[in-house]
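Thank you all for making time this morning.

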Amino acid sequence: MVSYILSIPRRLWLFLANLPMERKLIVVFVFVLSLPITYVSYLSSRSTFNSVLQSSTKSAGQMAGNASDTIDRYIADLKRYTALPLYNTDVQFYLEQQNADWEKNTSMSMFLSYLIHTKEEMTAVYLVDKYGYVFYDRAPGINELFPAERMTQWRSLTEEAGVGPVVQGRHTIRVNSGEHREVFSVMRTVSSVSMLKPIGMIVFDIDIKLFKGIADPVNAVTQGNTIIVDEHGGLVYGGISAESAGSAHADSPDREQQDIALLLEKTGAPEGHFQIRLEEQDYLAVYTVSQKTGWTTMVTIPLERILTPVQKTRNTLILTTLAIVAIALVVATFISHALTKPLKSLVRLMKQVQHGNLDVWLSPKYNDEIGMIGSHFNRMIIRVKDLIQEVSLTEKRKQKADMRALQNQINPHFIYNTLESIRMLAESSEDPRVAELTYLLGLQMRYGIVRSEEMVTVRHELDHVRNYLNLLHIRFPDKFRLQMDVPEAFLPLPLLKLVFQPVVENAVFHGLEAKEGPGTILITAWSEDGKTVFSVEDDGVGMDGDTLRLLNSNLLDSNDSEKFGIGLRNVNERLRLHYGSACGLQVFSEPGRGTRVIIRIDTLADTRDKE
């Protein structure tokens, strides 16, 4: 039973594998295309949901952090302002003076007037001297304040804080007899600079509307509501819902405070986010706890506002997916037939090629993948024909080269011995020029013909060039000068035989012979990018651009053209065969300024090691 169950997948696979291509494509569309599209649509919807939620959380976190930083900076400024009485000698003096005369009142009023204008949100500024007398200044619209009602609370808070500033959270103060305003306060004990003893208090009342300018941009971006809670859990500004935002007096203050308590229970870290259900609605809460004030800035966003656009997108995606799947199933039948027809033609032609018929051709109608296969099939047939022809030509060239090699090997010693006899006869006839000419020619032939080794040293090659120029001096006295600037380190290195002499010969007969007056041939060498580079340069007549391009092309293609003779082409082919296609000759020339042949060879030291 178990083996039968295990064999089911194999049977299904064999059944699918043996189906005609047309039916396979339909199955592919149904199971391999439709199902993944549906699954990808689901993943896309879920990914969009998570992405939107993460984006909203990140944006809300940044905005909450910025708002908290703004509040911290504002309160830090207020705390610094509370220290100003410590640096004002007049204020220090009058805070210790018991009587309240005109000068004291005037000096205190000027100082308080300066303070009340430092922040436009200030409701009132108070200075209490050593004897409990209160001086204050207030914002426009306030005619009367009642500091005596708050004196006890001020003393309690400042004594608890010592000499440092203290922040009192949101509270209500009475102004103009029956009017009330919501403020938070920053206060500090004023100490005598000389005696370091308390001599009074300074208190700032800040209108709670300050936070509206901070919270409204956050609410506009996040589509939520900003809550600011002090270190004791008291609501400073805002509310969870839009109806209560901006006011601490919601329709149900007790319920609001309970919700805030539930939110604060989840704020254990300096910053973070969480989801919570309040008043039968789900919220995303993002918060930041200030390390300076201990106040918590929190943004509550109803999840419905975040997810509604995502749900609409999800529904649209599902409908689109179903439509795509339906269209794919309809189109599958037509596409499968269109695809299998050219494939059948291709299989038929391949069978003919298999039996040796290369005169076949496939005519693709479309530029799809099957059309590309047909085009590559045609190119393959052409390439096979070219390779067969190339093999045939290579075989013929090989036979021709073997014949030439055999012909060139016919008794080379006979030629050398004959030249030696001519030289001896010239010496006996006292004709030194003929003798020297015959001697040098014999050296040339001995080097090129008699020496059987393929590799020689750079020194031998250069000596061979000198002998060749000495031979030419007999025919052309003082016509050619040879200069060699090859470093000593290059001389013992191994090199293919007969590399420099054909190049020098080309320079003599094509560059210097047609030049009026004497000419110079310069041979130099250096290392470059892991290769040894030789330069054979003449100051002859040069060549024009068209001729130069044709010559370099002839060297690069290594064809059978003999427009430029076989000397340079022979050297170039031998170098490329021995050292690789990256090596060889390259010619540079300008009319009237001479010609330069660059010879690039793999590092000769490495070649010598291999040998």
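Before we look at any lining, one convention is needed: Ala, Val, Leu, Ile, Met, Phe, Trp, Tyr, Cys and Pro count as nonpolar, Asp, Glu, Lys and Arg count as charged, and the others, Gly among them, count as polar. Please also keep in mind throughout that what you see is a predicted model.

Let me begin with empty space. Rolling a probe the size of a water molecule over the atoms shows where such space is left. When the whole structure is searched, one cavity of 30 Å³ or more is found, and the space in this largest cavity comes to about 40 Å³.

Sorted by class, the lining of the second largest pocket holds seven nonpolar, five polar and four charged residues.

Turning now to helix α3, which covers residues 89-96, we find that V91, Q92, Y94 and L95 are its buried residues. An α-helix has 3.6 residues a turn, so residues three or four places apart point the same way. What do the buried residues of α3 pack against? Their partners are α4 (102-116), β1 (122-128), β4 (179-191) and β5 (198-207). At the start of α3, the backbone nitrogen of D90 has a side-chain oxygen of N88 within 3.1 Å.

Next comes strand β10, residues 296-302, which is largely enclosed by the rest of the structure, because seven of its seven residues are buried. In a regular strand the side chains alternate between the two faces of the sheet. In β10 both faces are covered, with T296, M298, T300 and P302 buried on one side and T297, V299 and I301 buried on the other. Strand β10 pairs in the antiparallel sense with β6, residues 225-229, over five bridges, and there I228 has T297 as its bridge partner. With β9, residues 281-289, the pairing of β10 is again antiparallel and runs over seven bridges, and here T288 stands opposite T297. Strands β9 and β10 form a hairpin with six residues between them, and in the turn G294 has a positive phi of about 80 degrees.

That brings me to backbone angles. Most residues other than glycine have a negative phi. L196, in the loop between β4 and β5, has a positive phi near 60 degrees. Is L196 buried or exposed? Its relative accessible area is 70%, and since exposed means over 50%, L196 counts as exposed. D529 lies in the loop between β14 (519-528) and β15 (531-538), and its phi is also positive, near 55 degrees. With a relative accessibility of 74%, D529 counts as exposed too.

How values were computed. Residues are numbered from 1 along each chain as its sequence is written. Side-chain values use heavy atoms; hydrogens and water are left out. On a 1 Å grid over the protein atoms alone, a cavity is a set of points where a 1.4 Å probe fits but cannot get out, and a pocket is an open set with protein on both sides within 12 Å along at least five of seven lines; lining residues have an atom within 4 Å of a point. Grid points are joined across faces, edges and corners, and a volume is the space filled by probe spheres set on the points. Buried means under 20% relative accessible area, exposed over 50%, partly exposed in between (1.4 Å probe, protein chains only). Helices (H or I, at least four residues) and strands (E, at least two) are DSSP runs, numbered from the N terminus. Contact means heavy atoms within 4.5 Å. A polar contact is a pair of N or O atoms within 3.5 Å; within protein, one must be able to donate a hydrogen and the other to accept it, and residues adjacent in sequence count only if both atoms are side-chain atoms. Two strands pair if DSSP finds at least two bridges between them.
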